[in-house]
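Hi there,

I'm passing a structure on to you, as promised.

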Number of protein chains: 2
Amino acid sequence: MRRGILFILSSPSGAGKSTLARRLMAWDKNISFSISATTRSPRVGELNGREYFFHSKVKFEEMISKGEMLEHASVFGNLYGSPREPVDIAINEGKDVIFDIDWQGGQQLRNSGLSEDAVSIFILPPSISELENRLKNRGKDSETVIESRMKKSLDEISHWAEYDYCLVNDDIDNTEKKLQYIIEAERLKRSRSPFLIDLVRKLGREFEQEI
Amino acid sequence: MRRGILFILSSPSGAGKSTLARRLMAWDKNISFSISATTRSPRVGELNGREYFFHSKVKFEEMISKGEMLEHASVFGNLYGSPREPVDIAINEGKDVIFDIDWQGGQQLRNSGLSEDAVSIFILPPSISELENRLKNRGKDSETVIESRMKKSLDEISHWAEYDYCLVNDDIDNTEKKLQYIIEAERLKRSRSPFLIDLVRKLGREFEQEI
């Protein structure tokens, strides 16, 4: 059986990344989502273990020191991170995992000893005004938060060239299709198909029986 | 505009490679086929410039010495090779090119200075008996030729692990689809999308106008 692949999905917020991640999981049940841990307070409607694992700062820092976080970062004063255990379980069962993390998280993940298993994809917005509109239309955040998110977005975009793939999300259906192509193709990489050695050996034996 | 990609398609003969190459060209007009040059005599129905470029041995060796062949090999006493000029023209026009060549050709092509542009795919047959049946059913070759082709096949298969992707052709429609995924995904690689730098610069300017 092949190992699962870690798909790192990064983009400025508002570029459609969360919608795309949700769609990919609906498309293929073999894909799961790496639920982040955070020290920020739950918003209305958010459930522990569904949107995030909500941890105290003490607990979060203990997990970091024990190496139980694949990556972590401080964003707007709160800690965010990807717990290692569920990811290890998933990839050993041949399940692919999507990470909705920023460029810093992506760099740390690639340096966490799982770089061979990771494929990174950056989603670019077609324009800045569209990005701003989407953030405003979510209606979740105050003007000040939107402004700081926009500044973070520009920083995020400046790291696009560190990714394996780069897509412009000018049409969500089209972008979903492109992500599906990438996932299907990455699964076909020879380096991810060590099990084919068995077929090749079988072909060799069959050939000897023929002659 | 992006540069075209060179897709190296290798497999033992009878594994369905030629059918797949034909289907891919019908699927996407942006994909062309690298027509090989050869010193062997045309078979009935073969046209110069369609199946092969038929050259004399003198002319062929002159092209090799002038560096006009991306790769070449001697197979069953005849020379075969991929002329460089049509490939250079195609990739500079952003057109992808499929190469139906063996592992030796694949290695030479990767060493010809075009390795960044090349993606290699190996097609495995599901069984040796199927391979033999397909060769016999073509009805093109004598028993002796089929036998030597089968021996060459085993040699070819032993190089599967040098390829970027590896597919088992147990269903031609399914295999065609997989090849389409690979082609679509390779086109989305960030390293093949240098033109996105223009979009990123535009986003930066838009951001400065917003604040």
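Below is what turned up, going from the sheet to the helices.

Please keep in mind that this is a predicted model.

**The sheet in chain A**

The partner of β5(A) is strand β6 (residues 78-83) of chain A: the two run antiparallel and are joined by six bridges. Within that pairing, A:V75 has A:N78 of β6(A) as its bridge partner.

**The strands in chain B**

In chain B, strand β5 (residues 69-75) pairs with β6(B) through six bridges, in the antiparallel sense. There, B:V75 is bridged to B:N78 in β6(B). Strand β3 (residues 37-38) of chain B is also antiparallel to strand β6 (residues 78-83) of chain B, and two bridges join them. B:A37 is found opposite B:G81 of β6(B).

**A phenylalanine to look at in each chain**

Which residue takes a positive phi in the hairpin of β5(B) and β6(B)? That is B:F76, with phi near 50°, in a hairpin that has two residues between its strands. B:F76 has this positive value while being a residue other than glycine. B:F76 counts as exposed, because 10 C-beta neighbours lie inside 10 Å, and the cut-off for exposed is 12 or fewer.

Over in chain A, A:F76 sits in the loop between β5 and β6. A:F76 is not a glycine either, yet its phi is positive, at about 50°. A:F76 is exposed too, with 10 other C-beta atoms within 10 Å.

Where on helix α4(A) do the buried residues sit? In helix α4 (residues 103-110) of chain A, the buried residues are A:W103, A:G105, A:G106 and A:L109. They cover an arc of only 160° around the axis, so they are on the same side of α4(A). What they pack against is β1 (6-10), β5, β6, β7 (96-100), β8 (118-124) and α6 (143-157) of chain A.

Helix α5 (residues 128-138) of chain A packs with α6(A) at an angle of about 145°, and their axes are 11 Å apart. The crossing of α5(A) and α6(A) is right-handed. On the α5(A) side the contact involves A:L131, A:E132, A:L135 and A:K136, and on the α6(A) side A:I146, A:R149, A:M150 and A:S153.

Finally, take helix α7 (residues 172-187) of chain B. Its 16 residues, at 1.5 Å a residue, should span 22 Å, and the 23 Å between its end C-alpha atoms agrees with that. Buried in α7(B) are B:T175, B:K178, B:L179, B:I182, B:I183, B:A185 and B:E186. The cover over these buried residues includes α7 (172-187) of chain A, as well as β1 (6-10), α1 (17-27), β7 (96-100), β8 (118-124) and β9 (165-168) of chain B.

Enjoy exploring!

Best wishes

How values were computed:
Residues are numbered from 1 along each chain as its sequence is written. Chains are lettered from A and ligands numbered from 1 in the order in which they are written. This is a predicted model: local features need pLDDT of at least 70, side-chain atom pairs count only at pLDDT 80 or more; totals for chains, interfaces and linings use all residues. Two strands pair if DSSP finds at least two bridges between them. Helices (H or I, at least four residues) and strands (E, at least two) are DSSP runs, numbered from the N terminus. A residue is buried if 20 or more other C-beta atoms lie within 10 Å of its own, exposed if 12 or fewer, and partly exposed in between; C-beta atoms are placed from the backbone. The arc is that of the directions from the helix axis to the C-beta atoms. Two residues are in contact if their C-beta atoms, placed from the backbone, lie within 7 Å. The expected span of a helix is 1.5 Å times one less than its number of residues. Axes are lines fitted to C-alpha atoms, for helices over the stretch in contact, and angles run from 0 to 180 degrees between N-to-C directions. A crossing is left-handed if the near helix is turned anticlockwise from the far one by less than a right angle, and right-handed if clockwise.
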